[in-house]
Every structure is written in structure tokens, then in C-alpha cells.
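Hi everyone, thanks for making the time. Let me put the sequence and the structure up, and then I'll walk you through a few spots.

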Amino acid sequence: MGYLNNTVITVDAILTKKGRELLARNDGSFRITQFALSDDEIDYTLFNPTHPSGSSYYGEAIDGMPLLEAFPDESQIMKYKLVTLPRGTAKLPVLNLGYDAITLKQGAALAITPQTLNYLDNEQTFETSGYSATIADARVMNTFTGMGINSEAATAQNATSTLGTNVSKTVIGSQINLKATTVNTLFGSQTSIRTTLTVVGLDSGARITIPITINKTAT
């Protein structure tokens, strides 16, 4: 969902493929339980406190920026979600996955336990609502699951299936389990395939993206 322009309050709302599927059931399963706000379009470096016309014009360039229309691609929209942090917060929370990059052999498994730094006056903590993890290409994983969070949103998200198509997949949990694909045909003539893993703290809004490489096992 997004505002079409910044002169009138006109809202453009669309449904994802999953949303259209739930709506078509007409059985009450389509229920909006959460929402998020983001400011992907805003370049805050354009804020100009030295504008010759005074403080009313400091944000003039920002106010005139074009806004995105809604489109259902989580890898390209709502990357920078707005969050509410405690008053007096001096540092933005950041995520620590324990890895700057992940390399796995075919069929190898790995469990990731994200932690949030600089959040709620703690140097390091786990978030109550857990973490959402998105693999950009679900085909490179034999299994990709979230564990440890029993919320309705987590249960619904973790139940989704990609049917082996070249799409992203998102799961929710306090622990993210990955197991690399064993399908040789995905590699073609290459010895490795690559994708990215994006993890977002559902309470803090902290976000991190790291590369993942799957190496083909010689046969």
C-alpha cells in the first residue's frame, strides 16, 4: 500500500499473491492483523538546515520527492520500516547473525540464532516477536524454516510453500534453520550458486542482508 502523490491523501493498495489466495477463499481467513510503515523513498541527506529561506524550507526538497506506488515485491519495497524506539535511545539497534556471509556445501545444514544489539538498554538481546528471514531464491534451500515463535503470524508465514519456483520465501522464528539444496540441475555448468538472506527484527526493525553461496559437491 502506498500514497500515489503528496498533494492529496490518495491510497493505492494491492494484495500479494498470498493475500489474493486468502481473499478468494471467502471463509474469513483473510484478516489483516499487522501493518508496517516505511520511508524507502526519502533521502534524508536532502534536509538542508542552511536553506536561505529559513527553517520552513529545510525539508523542501524532501517534500517534493516522488513516492512509490505499491507493488508486491518484498525484496524491493519496504526495506526501511519505521519503528518506535524508547525515548532517549542513543543508538539504533543492529542485528548480529554470527556470520558476515554463509557458504554451504550441497545438503549441508546450518542453524542461525539472530541477536539484536543496542536494543532496550541491552548490549545484546533476543526480540520477543522474533525475526523474519527472507531467502531471495527459495530453490537453493532444501529446507528453510523458522522455530521458536508461536504467534499466529509466525505460524501462517512458516506454513507457506514456494513449490520449487524461483521466488523468495520468508519465515519467522527466533532460530532460522537452513539446509542447502541437493538438486544438481540448479547449478547447470556452474560449481556454485548464490543468493541473499535478509533478516529483520520484528520488534526493533533492525535489518541485515548477507550473501549465501551453495557449492556443488563433486560426484
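Let's start with a quick one: is Asp137 buried or exposed? Asp137 counts as buried, because its relative accessibility is 10%, and the cut-off for buried is under 20%. Keep in mind that what you're looking at is a predicted model.

Now, who does Asp137 pair up with? Arg139 forms a salt bridge with Asp137, and the closest N and O atoms are 2.9 Å apart. Arg139 itself is partly exposed, with a relative accessible area of 32%. As a bit of background, side chains of opposite charge can pair when their charged atoms come close.

The count of salt bridges here comes to two. The other pair to look at is Arg25 with Glu21, where the closest N and O atoms sit 3.1 Å apart. Both of these residues lie in helix 1, four residues apart, so that's about one turn of the helix. Arg25 counts as partly exposed at 43% relative accessibility, and Glu21 is also partly exposed, at 37%.

Okay, zooming out for a second. The chain has three helices and 13 strands. Buried residues make up 31% of its 219 residues. If you take the contacts with a separation of 6 or more, 66% of them are between residues 24 or more positions apart. And the chain exposes about 14000 Å², with carbon and sulfur atoms supplying 52% of that.

Strand 9 is joined to strand 11, residues 175-180, by six bridges. If you want one to find on screen, Met141 has Ala180 in strand 11 as its bridge partner.

Last stop: Asp39, in the loop between helix 1 and helix 2. Asp39 counts as buried, since its relative accessibility is 14%. So what does Asp39 touch, leaving aside neighbours within four places in sequence? The answer is Tyr44, Tyr80 and Leu82. With Tyr44 there's a polar contact, side chain to side chain, at 2.5 Å. And Lys79 is 40 residues away from Asp39 along the chain, with their C-alpha atoms separated by 8.4 Å.

How values were computed. Residues are numbered from 1 along each chain as its sequence is written. This is a predicted model: local features need pLDDT of at least 70, side-chain atom pairs count only at pLDDT 80 or more; totals for chains, interfaces and linings use all residues. Side-chain values use heavy atoms; hydrogens and water are left out. Two strands pair if DSSP finds at least two bridges between them. Helices (H or I, at least four residues) and strands (E, at least two) are DSSP runs, numbered from the N terminus. Buried means under 20% relative accessible area, exposed over 50%, partly exposed in between (1.4 Å probe, protein chains only). Contact means heavy atoms within 4.5 Å. A polar contact is a pair of N or O atoms within 3.5 Å; within protein, one must be able to donate a hydrogen and the other to accept it, and residues adjacent in sequence count only if both atoms are side-chain atoms. Accessible areas come from the Shrake-Rupley method with a 1.4 Å probe; for residues, only the protein chains shown count as cover. A salt bridge is a side-chain nitrogen of Lys or Arg within 4 Å of a carboxyl oxygen of Asp or Glu.
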